[in-house]
Amino acid sequence: MGMKSKIALGAVVGIVIIGAASANSGDSEGGSGGKGTSVSAEQRSGDTTSDGASDAKPAEDEGTEKASQAEQFKAFVRKNGTPQEKEALSHVTKVQGADEQNDILDAAEVYTDFTGGLMGEGTGPAKLIASAFADWKQSDNGLVTVYGADGEIIGNGNF
């Protein structure tokens, strides 16, 4: 590759990086501005109505709000999942990265108690877990990765 080609390629890569950085810096809250804007406005208002009365939520919603991401995910699958998904979710121990999404490159991780790595018994259930995760959370460009008990990747999927 000639020197001119290398310079041109470097300039193109630099422009792409600057364009991506400037596209993400426009929102003061770090989000895309579309999803979650009304939710964050309601959270900032202190959950009170204009007459000062408390805007109490049902007990079911309060429990899932304080629950860990894994518990929220399991609750969703208990309500909406297939029997196979419910069985696979019984092995989930931890979920990370599901709460903050920007629709640019969302990455979530689901940890399980499966052993054996990519060729172990958890490969099939890992696909079910990834599919259930995609039903729970939606993103324009998301990837969920399912890990075994030893930290090895046992499956992944788009959401």
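**Close-up views of a predicted model**

View 1. Phenylalanine 133 and tryptophan 136 both lie in helix H6, 3 residues apart, about one turn of the helix, where helices are DSSP runs of H or I with at least four residues and strands are E runs of at least two, numbered from the N terminus. Phenylalanine 133 is buried, as is tryptophan 136, buried meaning under 20% relative accessible area with a 1.4 Å probe and protein chains only. This is a predicted model, in which local features need pLDDT of at least 70 and side-chain atom pairs count only at pLDDT 80 or more, while totals for chains, interfaces and linings use all residues. Residues are numbered from 1 along each chain as its sequence is written, and side-chain values use heavy atoms, with hydrogens and water left out.

View 2. The ring centres of phenylalanine 73 and tryptophan 136 are 5.1 Å apart with their planes at 25°, so the pair is stacked (rings of Phe, Tyr and Trp, the last by its six-membered ring, pair with centres within 6.5 Å; planes under 30 degrees apart are stacked, over 60 edge-to-face, the rest tilted). Phenylalanine 133 and tryptophan 136 form an edge-to-face pair, at 5.5 Å centre to centre and 80° between the planes, and one aromatic cluster is formed by Phe73, Phe133, Trp136 and Phe159.

**View 3. Lysines over rings.** Lysine 137 lies over the face of tryptophan 136, 4.7 Å from the ring centre, and the charged end of lysine 94 sits over the ring of tyrosine 111, 5.9 Å from its centre (NZ of Lys or CZ of Arg within 6 Å of the ring centre and within 35 degrees of the ring normal).

Technical notes:
Buried < 20%, exposed > 50% of the residue type's maximum accessible area, 1.4 Å probe, protein only.
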